Amino acid sequence: MLAYRETGEFVGPSELMRRIVELKRTAEHGWLRDVSKCAPQAAISDLHQALMTFLLKRRQPGADVGFPRFKKKGAGRESVRLHGSLRVAEGRISLPRIGQVRIRPAAPVVGGRICSVTCYLEAGNWYVSMRLEVPATQRVEPEPQGEVIGIDLGVRTLAMDSEGRSYPGARALRASQRRLVRAQRDLSRKQPGSKNRAKSRRRLQRRHARVRRQRADHLHKITTHLARTKPVIVIEDLAVSGMLKSRRLSRSLADQSFGLLRRQLEYKCQASGARLLLAPRFFPSSKRCSRCGWVWTEMTLKEREFRCQNRDCGLLLDRDHNAALNLRWWGEQQHSTAEVAAGRAETQNACGARVRPGRDRRRGGAGHRL
């Protein structure tokens, strides 16, 4: 930071690592030799990426970006990334400078070279997430058959497709709201710096971790079913950050987690060979009649049924179902006129069958518990 203020340039990662090597030779910082070299290397790499992102965003017109801030000890997720001699066998993982650590459950690891592992602390438990490198493969899959399906996301019901099937949300936060309030109240009454306060904080962290896992598990089941059974899926490009500014709906919207659902659909559709289409953000899916195209401009959130005012139509349908039908109509137009942004050239071979290139790098999900 000082070098940037004085000269306008940053110290490179190689220079920072050289200075850390010099500090290891001093008596005051000799403890650095007891720590794996991977820890400072990963920290310097993350710092370099944050500074490059800061410079890139600062050059954009009208962008107000602040200088990267250092993490406070104990704030955020505590983690360390390691690489080098990493081995997993018989329910144990061998980490540099740490040695062999038992993992639970002792599940078999996918074959391949372990590039790096990330050990992180969550709710009082340590987890390890592994990044593997496997040989690249190609799987030839048939062209997806079936109709386009539109999916409308909502607050009362997580999703409803154009076939009339609804997918209820987990509502994990609402179900655990009472226990979270009690845990937060118990934490606020503990003396700062005491052991009882630390125990109460861990209990609250476990409550939040349970809510997060319940929500993620529920979304995984829904998105896996959609990606494996539906060839073309259409959803809206929602402005989730703007929707969360609503005082009355922010908690319910956050509990549904639309962003996580979209992210899961993106990579699962890519892996299964399905296609995911994003309707424009201002497409009037809820206000447009799915039969005649009439737009109800004055429709509010209180209206749960769509009533078409066109005399020749008179459609009366559930609001979410009507929106899903409009998304399907939009997806059929896009699907018939042009291919998706990925392009057919990257997903076809000479015989016309779909080819999904295998990924040579995989990152673990929740990880194994240490």
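## Packing of helices α2 and α3

In this predicted model, helix α2 crosses helix α3 in the right-handed sense. Two packed helices are described by the angle between their axes and the distance between the axes. For α2 (residues 13-24) and α3 (residues 38-58), the angle is about 150° and the axes lie 10 Å apart. Because angles over 145 degrees count as roughly antiparallel, α2 is roughly antiparallel to α3.

The contact is formed on the α2 side by P13, L16, M17 and I20, which meet P40, Q41, I44, L47 and H48 of α3. By residue class, this contact comprises 7 nonpolar and 2 polar residues, with no charged residue.

One partner of β5 is strand β1 (residues 79-82), which runs antiparallel to β5 and is joined to it by 4 bridges. Within this pairing, S79 is located opposite Y120 of β5. Another partner is strand β6 (residues 125-133), which pairs with β5 in the antiparallel sense over 9 bridges. Here R113 has E133 of β6 as its bridge partner. Strands β5 and β6 form a hairpin with 2 residues between the strands, and in this hairpin A123 adopts a positive phi near 55°.

## The sheet β2-β3-β4

A separate topic is the open sheet of 3 strands, in which the order is β2-β3-β4 and the pairing is antiparallel. Its edge strands are β2 (87-89) and β4 (99-102), each of which pairs on one side only. On average, and with direction ignored, neighbouring strands of this sheet are turned by 25° against each other.

Strand β2 and strand β3 (residues 92-95) run antiparallel and are joined by 3 bridges. In this pairing, R87 stands opposite S94 of β3.

## Overall composition

The protein contains 10 helices and 17 strands.

Contacts in the protein with a separation of 6 or more include a 64% share from residues 24 or more positions apart.

How values were computed:
Residues numbered from 1 in each chain as written. Predicted model: local features only at pLDDT ≥ 70, side-chain atom pairs only at ≥ 80, totals over all residues. Heavy atoms only, no water. Axes fitted to C-alpha atoms, helices over the stretch in contact; angles between N-to-C directions. Parallel < 35°, antiparallel > 145°, perpendicular 65-115°, else oblique. Left-handed = near helix turned anticlockwise from the far one by under 90°. Contact = heavy atoms within 4.5 Å. Nonpolar A, V, L, I, M, F, W, Y, C, P; charged D, E, K, R; others polar. Pairing = 2+ DSSP bridges.
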